[in-house]
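Hi everyone, thanks for coming. Let's take a look at the model on the screen together.

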Amino acid sequence: MHAAVLACAASTQPLALPLTWHAPLEPVPPVLGAWNASILVGTHHKTGTVLLAKVFRLASKLIGVPRSKANKTSTAGACAQLFESHAAGVCIEEHTSVLTLRHWLSPGAPFIHVVRDPLEMCVSAYLYHLHGAEPWLLLPHAELRGKTLQQFYRDASQADGVRFECTRMMSELVDEALVRNATARRGALTLYFEDFTPDFDGTMRRIFEYLDSREKVGQLVTLASEYDLTRHSAHDERHVSAADAKQPLRDILFSDPLLREVITGLRVLLGYSNETAPQRSVLCENLRKLCATTHVGFITWCPNGRVLLGKLQSFPECGEANVRGASHQVVLTNYTKPIT
């Protein structure tokens with residue numbers, strides 16, 4: 001692996017990983033008249049965006065409201081207009097952050113947030129990016145000696161590849177955890193990605209009951225069942241990772257002390273662990289250390305090994321001031337209580 005790309009942290013023996021568990025979900029009352037409001041469905045990379053986009057395409061058609069995706073050039077403007085006008089409709093936002101909530105979400109408006117164990121997100125993203133066809137995966141990078149990111153992952157060892165991918169997408173993991181933390185007690189409906197497989201219909205029922213769908217709940221659940229992978233095989237297998245390929249990658253990530261500490265803290269914030277939540281200052285310091293293990297300019301949250309103020313959209317106060325000609329001081333929040 002190119003030495004300038006990733007300075008790997010020292011490894012320890014893999015830990016026994018916790019079972020995929022999450023805190024019990026508290027009942028959330030329905031948002032009355034939700035289908036007449038602007039509905040925000042917030043997801044993150046590898047948390048079921050494709051699934052929810054398909055489900056809401058059918059649901060929106062049945063109800064008679066528009067559905068847009070904020071991450072698509074053709075419909076991103078429609079999402080902005082939807083929330084500006086407070087019109088009826090659904091927006092799927094794949095890269096939801098606290099900034100998204102500030103710009104678009106009105107008090108009491110329906111918000112559905114899908115989260116996933118960050119360890120699983122890293123593993124799934126790495127496996128998907130080995131074969132994915134997104135244009136950004138196929139762009140050559142001078143810092144990778146002219147290779148695309150996909151070529152880099154294919155040529156690198158699994159250990160180097162999955163650690164780099166998890167670091168690269170860390171801003172997405174932070175967004176997921178801090179959005180969950182910000183909305184847990186504010187009437188938002190949080191869904192755990194892991195619940196789709198054992199109880200697809202029950203999870204869909206929670207969505208449509210939350211949206212005050214009343215007599216249409218059963219019909220909407222039946223429509224959504226078309227996309228239940230326990231009933232039907234995936235149309236695009238690239239979005240579904242083989243289970244037997246994942247465990248060695250989990251072990252690799254948890255054998256890296258720094259990645260393990262960051263991921264463990266985020267798992268606590270998301271409800272996948274009942275340990276003590278990390279302090280904001282500690283989380284920021286660990287992110288800064290993790291960023292310093294990389295030396296490429298194309299990681300948005302961490303260009304050239306430095307976290308810059310404002311680059312982490314859900315944690316903008318974490319980073320360094322980018323002042324030309326001045327020493328770069330790390331700016332940490334003075335807030336030292338646990339994130340709550």
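I'll start with a strand and its neighbours, then move to a pair of helices.

A quick note first: this is a predicted model, where local features need pLDDT of at least 70 and side-chain atom pairs count only at pLDDT 80 or more, while totals for chains, interfaces and linings use all residues. Residues are numbered from 1 along each chain as its sequence is written, and side-chain values use heavy atoms, leaving out hydrogens and water.

So, strand 3, residues 89–93: 5 of its 5 residues are buried, so the strand is largely enclosed by the rest of the structure. Buried here means under 20% relative accessible area with a 1.4 Å probe, protein chains only. Strands are DSSP runs of E, at least two residues, and helices are runs of H or I, at least four, numbered from the N terminus. Gly-89, Cys-91 and Glu-93 lie on one side of strand 3, with Val-90 and Ile-92 on the other.

Who are its partners? Strand 1, residues 38–42, runs parallel to strand 3 with 5 bridges, and Val-41 partners Ile-92. Pairing requires at least two DSSP bridges.

Now the helices. Helix 4 (residues 118–129) passes helix 10 (residues 247–254) in a right-handed crossing, meaning the near helix is turned clockwise from the far one by less than a right angle.

Terms used. Axes fitted to C-alpha atoms, helices over the stretch in contact; angles between N-to-C directions. Buried < 20%, exposed > 50% of the residue type's maximum accessible area, 1.4 Å probe, protein only.
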